[in-house]
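Thanks for sending this one over. Here are some notes to read with the model open beside you.

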Amino acid sequence: MSRLTRSSFASVRALVVALFAVFTAADARAEELTVGVYLPLAPFQTNAERSAWGDRFAADLAAAANGAFTVKAQLFARREDALAFSGSVDVLVADGLFALERGLRPIAHVTASPAIGLYAADATRVGDLQGKPVAAAQAEPGDLAFYSNTVLGGELAAADFFSEVRALKDASAALAAVKSKSVAAAFAPVGHPAAAGLRLLRQGGAYPIAVVAVVRDARVAPIKDALVAAIAQCSAGALGTFGVGGGGAFERAAGARGTPRVKSAPALLSGGADAKPLAPPIRLKVKGRVPPPALSGVPLARPDVIEPQDP
Amino acid sequence: MVGLRTSSRLAALLGALVVSLGVFDAPPPVRAAAPGDVQRQLGEANDAMDSARTLIARGETRSAKKRLDEAGRIYRDILRSNAEQRDAAVGLSAVLFLEKRYPEGVTLMRPFHERLPDDADVSHQLGLHLYRSGEQELAVPLLESVASDPKRFDAMWLLLQHYYRQANWQAGLAHAERYLVARPDDVESLALIGTYFLKAEQFDRAIQTLDRFLEAHPGNVPARINRANALFRKGSFDLAGQEYERLLEEQPDKSRFLYNLASVRIKQDRCDEALLLLDRFLAKEDKNGPALYFRADCLLRLGRTDDARSAFEKAQTQGQTANPWVWYGLSRVAYRNKALDQAIEHAKKAQDLGPEEPELAAWLGTVYRKAGRPAEGLGWHDKAALLAGDVASYQIERGYDLWLLARLPEMLAAFEKARALDPTDAAATRGVAAARTALGAEAWKKGATADAEAHFVAALEADQGYALARADLIVLLVAAGRVPDAEAAVSAAPVEAAKHADMLAATALVRLVKGDGEGAFALAASARAGHSSLGAVIAQVEGQAAAAKSSWEVAAKAFEEAWQLAPAPPIEAAKSQAWLELGLERLGRGDPGGARDALGRARAGVTTLETEDRQTLEFALQALGVLSSNEPEQAAKALATALAGPRFAGGTWARVRDVGQGYVAYGWLRAGKAAEARKALERVRDRTALGAAWDSIASAADDVEARAAYAAGNFAAAEKVWAAMVQRGNADPAVANNLGAARFMLGRSADAEAVWRPLAERGAPLEAIYNLGNALGRRGDHRGAWELFKRYGDSGAGDAAKARERAGVKAELFDFGGAP
């Protein structure tokens with residue numbers, strides 16, 4: 001993230017703090033929502049950027065709520081933190097696969113476009129990486145299946161094909177590991193800033209890079225409509241744009257976490273409905289015989305045109 | 001011409017002689033002479049005459065005159081002493097003739113002729129003088145009475161010239177022939193005689209005579225023209241053309257040569273060259289009607305109808321309005337343009353202008369016929385035939401009219417007359433054959449087989465190559481069971497006739513009855529492709545040949561067609577039989593829709609079937625219910641109930657009951673009830689009644705069970721059934737593949753691969769290829785998997801698209817040569 005961006009975030013943060021103060025003073029009864037942020041695959045290079053995004057989102061959300069509720073952001077930089085504390089926040093802005101694993105139901109989403117890719121430093125094709133270590137942002141166990149089914153087209157099982165899939169705290173870390181040659185390649189969103197200088201070997205599967213889900217239904221229910229309306233007015237900044245609900249990528253991701261087809265495709269049966277058994281022959285005598293030719297009275301050849309066409 | 005010219009020269013010479021001779025001397029006093037003296041005097045005079053003739057022939061006029069004077073004087077001396085001395089009178093007459101003193105000759109000889117009317121010399125002399133005096137009517141009978149004597153060639157010559165002038169070509173022919181014999185060395189006369197032959201249409205004689213003349217006078221142009229004309233009239237157009245080419249080369253501006261060579265070119269069908277010649281001719285003689293007509297005719301022959309019309313119209317403007325041939329030409333133009341009404345109008349106009357021209361009447365008749373008015377056409381062709389009774393083509397036209405009027409016996413008579421007039425006319429011959437064939441076909445239709453045969457035989461006597469008559473004769477002979485005769489008729493066919501579509505059909509029939517079904521079928525197909533008119537025969541041949549090799553669908557359709565073309569009870573029986581067999585065959589193939597259609601058609605003719613076949617049909621219709629019902633379980637139960645009932649009780653129905661249980665099992669299978677199917681099979685007492693179907697149904701029952709287990713994820717149970725099937729010897733590759741599938745799903749990949757690999761190598765079933773690829777991919781052999789996926793993807797099988805997609809991903813991941 002550039003220096004300008006960082007200073008902008010600082011300003012925004014100050015503004016958010018000020019706004020909180022205003023809202024607090026204006027309406028002491030307004031509900032305060034705790035918004036957790038865990039986005040390991042988002043295109044941030046540093047935790048500071050990730051934190052700044054969270055603060056900005058909280059501020060924007062509060063502003064858009066127009067006093068209906070106030071917002072408090074809580075950033076989780078590591079999966080352990082997210083696992084430990086995400087259950088206590090009211091609303092969670094999280095990685096799509098993380099949300100899926102938790103069974104959360106998104107009310108908004110940001111889908112990375114294009115997709116997840118496999119970045120390498122030296123290899124020129126995926127096949128070169130057989131038996132080599134690769135890295136990925138640490139999220140969920142199902143992530144590997146997702147990568148296998150999307151980036152690797154279901155034709156390779158990442159867990160088997162590579163010698164190791166090293167789980168790092170986020171995509172930046174995974175890509176940094178490639179650059180430092182500690183791994184041969186890394187899964188990361190296509191276009192991630194940290195991927196500069198690396199070779200994109202293959203990409204596939206739109207990725208739900210961030211979904212917004214209600215964690216504590218009881219607390220949020222009274223203001224859920226206002227919350228959804230407020231989110232719709234917020235910018236997702238570097239992530240893109242919020243959409244309503246889980247989005248197609250989230251739905252697809254739910255089905256892309258199974259065993260890759262290379263390991264699961266069933267065998268095809270032959271015959272079946274199209275294959276019919278022989279019907280019993282219905283013949284009471286050996287072979288049908290037809291009467292001999294009947295020529296009596298059969299029309300014979302008769303001249304039709306007998307004169308030349310042109311006299 | 002040359003002869004005439006020579007005669008003129010001779011006349012001039014004689015004229016000179018007469019002038020020099022002057023008039024008769026005064027007669028000397030009469031005194032009697034002794035007979036011996038008279039004979040001596042006559043001898044001297046005759047010698048003088050012979051000498052004079054020789055000198056005249058040599059052109060020695062003066063000496064000849066002296067000799068004639070001498071002879072004349074002696075003859076007169078004799079006559080002075082004896083006025084009735086006949087020899088002296090004849091001699092003097094000859095002198096007078098040579099001196100062209102014809103009236104004196106007449107005066108001299110007339111009394112002698114009155115006294116001696118049968119005296120040939122007297123008649124000869126008097127005839128010559130009378131002719132030259134202009135008394136030709138009196139002279140010719142006299143000359144004719146003596147001209148047969150070879151010595152009287154001058155009489156022959158005179159008569160020849162006489163008839164030439166009168167254009168009486170036949171009357172002078174005998175004199176020409178005699179003269180050639182009498183005066184074989186008279187080369188000069190050959191030009192006239194040759195021309196005479198030409199005029200008398202004795203073309204070979206004309207050419208021969210003129211050739212002799214031209215040997216002596218090779219540059220004589222008139223003789224060359226006449227010879228070329230004779231060649232042209234004879235039909236030797238190439239030779240005539242060569243002579244005209246030479247003449248035209250020598251005299252390029254001679255319009256007559258242009259015209260004549262153009263005529264040759266027209267006859268040679270070289271109208272483009274004729275046109276150029278006629279254009280050159282017309283540049284000199286732009287109002288020449290015949291040339292204008294022939295030019296238009298050429299344009300018409302060249303297909304330039306618009307130009308031809310303009311040319312005919314131009315001919316009209318150049319004074320040819322009343323020329324019927326111009327109207328004839330315009331009629332032909334209109335006909336060519338398919339303006340038949342106008343063609344008729346023009347032809348009528350031509351006929352009005354030339355009512356005695358048979359060709360014009362014939363053309364009008366032809367145009368009427370072409371316009372669909374054969375009755376009127378016949379009237380005009382009758383007229384043409386009346387005008388020229390010896391022209392074959394008019395009879396042929398009458399034959400065509402009568403054909404359209406369906407007056408076959410008269411048609412035959414017309415063509416036979418044409419053939420008698422011109423045995424070489426192919427149209428006449430073909431007309432006789434066609435008429436006979438049509439009469440034969442009619443007789444056959446009426447059941448008069450002997451008459452039909454006679455007509456066909458007569459047709460072939462007229463024209464061995466007339467394929468229709470031969471084809472009909474062959475069918476007739478086969479129908480009569482005279483196969484060796486039919487074979488002989490096939491063998492006797494000329495090569496071209498044997499290729500005719502109707503002959504192919506007839507030959508197919510012979511092959512069929514000789515037991516060569518394959519050959520018959522192939523010939524019938526060729527006949528059909530050639531649009532033979534023996535459609536009913538072809539259909540029967542195809543039906544019989546197909547039935548012989550149990551191609552029941554082809555047979556049924558062929559008999560159906562044969563029935564449509566010529567309904568007859570045996571064909572209906574054959575048709576019903578074929579449909580029954582086809583229905584049973586379709587039942588056996590598990591095609592209930594097709595079986596229903598075929599059995600339904602068989603049922604339409606059930607009365608023609610034998611008892612056993614009727615029973616078969618009845619049971620087949622019941623079995624059909626099991627195969628095609630939307631509620632197969634109910635149908636199976638109903639059939640099972642019926643089989644157990646009284647309708648099928650007893651030993652005679654044992655086989656039907658067994659077959660019926662097979663269908664009950666089939667119905668249960670359709671309902672997915674494998675166990676029930678198996679129970680039905682167990683009720684079959686004699687498995688041989690079901691043939692291969694028993695095993696097939698039993699295997700299908702097993703397969704249904706195995707599939708159900710597989711679908712439920714009970715791979716072990718499925719594997720057990722399929723393994724047992726294989727163990728029992730089931731060689732169905734689908735079963736083997738499925739066994740591999742069950743083992744694969746049980747994690748026994750190596751066992752599965754062992755099953756699939758030989759199947760995949762054979763390429764059947766296709767699923768084995770995919771399955772082996774899937775197994776290889778699972779154990780990390782991605783290249784092997786890629787190759788098999790590609791192969792399966794290219795096979796067009798049901799899941800080919802999925803396999804291609806998988807192969808494409810592998811190709812990208814491993815750079816295997818690119819995505820398919």
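What share of the 820 residues in chain B is buried?

1. **Chain B as a whole.** Please keep in mind that this is a predicted model. In chain B, 52% of the 820 residues are buried. The secondary structure of chain B comprises 45 helices and 0 strands. Of the contacts in chain B with a separation of 6 or more, 49% are between residues 24 or more positions apart. Chain B exposes about 36400 Å², and 51% of that area is supplied by carbon and sulfur atoms.

2. **Chain A as a whole.** Here you will find 11 helices and 9 strands. Chain A has 311 residues, and 51% of them count as buried. Looking at contacts in chain A between residues at least 6 apart in sequence, 83% join residues at least 24 apart.

3. **Extent of the interface.** On the chain B side, 104 residues are in contact with 55 residues of chain A. The two chains, B and A, bury about 6600 Å² between them, and 61% of this is on carbon and sulfur atoms.

4. How many salt bridges does the rule find between chain B and chain A? There are 6 across this interface. One pair to display is B:Arg369 with A:Glu307, a salt bridge whose closest N and O atoms are 2.6 Å apart. The rule also finds 22 residue pairs in polar contact across the interface of chain B and chain A, with both residues at pLDDT 80 or more.

5. **Who supplies the chain B side.** Helix H33 of chain B (residues 569-588) gives the largest share of the side that touches chain A, namely 9 residues. By residue class, the side of chain B that touches chain A divides into 63 nonpolar, 19 polar and 22 charged residues.

6. **A glutamate in chain B.** B:Glu416 sits in helix H23 of chain B, which covers residues 408-421. Is B:Glu416 buried, partly exposed or exposed? B:Glu416 is partly exposed because its relative accessible area is 34%, which falls between the 20% and 50% cut-offs. Setting aside neighbours within four places in sequence, B:Glu416 is in contact with B:Val432 and B:Arg436. For another distance to check, the C-alpha atoms of B:Glu416 and B:Gln395 are 8.6 Å apart in space, while the two residues are 21 apart in sequence.

7. **A serine in chain A.** A:Ser172 belongs to helix H7 of chain A, residues 171-179. A:Ser172 has 9% relative accessibility and therefore counts as buried, the limit being under 20%. Which residues does A:Ser172 touch, not counting those up to four places away in sequence? They are A:Phe44, A:Gln45, A:His192 and A:Ala194. With A:Phe44 there is a polar approach too: a polar atom of the A:Ser172 side chain lies 2.4 Å from the backbone oxygen of A:Phe44.

Methods:
Residues are numbered from 1 along each chain as its sequence is written. Chains are lettered from A and ligands numbered from 1 in the order in which they are written. This is a predicted model: local features need pLDDT of at least 70, side-chain atom pairs count only at pLDDT 80 or more; totals for chains, interfaces and linings use all residues. Side-chain values use heavy atoms; hydrogens and water are left out. Helices (H or I, at least four residues) and strands (E, at least two) are DSSP runs, numbered from the N terminus. Buried means under 20% relative accessible area, exposed over 50%, partly exposed in between (1.4 Å probe, protein chains only). Contact means heavy atoms within 4.5 Å. Accessible areas come from the Shrake-Rupley method with a 1.4 Å probe; for residues, only the protein chains shown count as cover. Buried area is the accessible area (1.4 Å probe) that two parts lose on being put together, summed over both. A salt bridge is a side-chain nitrogen of Lys or Arg within 4 Å of a carboxyl oxygen of Asp or Glu. A polar contact is a pair of N or O atoms within 3.5 Å; within protein, one must be able to donate a hydrogen and the other to accept it, and residues adjacent in sequence count only if both atoms are side-chain atoms. Ala, Val, Leu, Ile, Met, Phe, Trp, Tyr, Cys and Pro count as nonpolar, Asp, Glu, Lys and Arg as charged, and the others, Gly among them, as polar.
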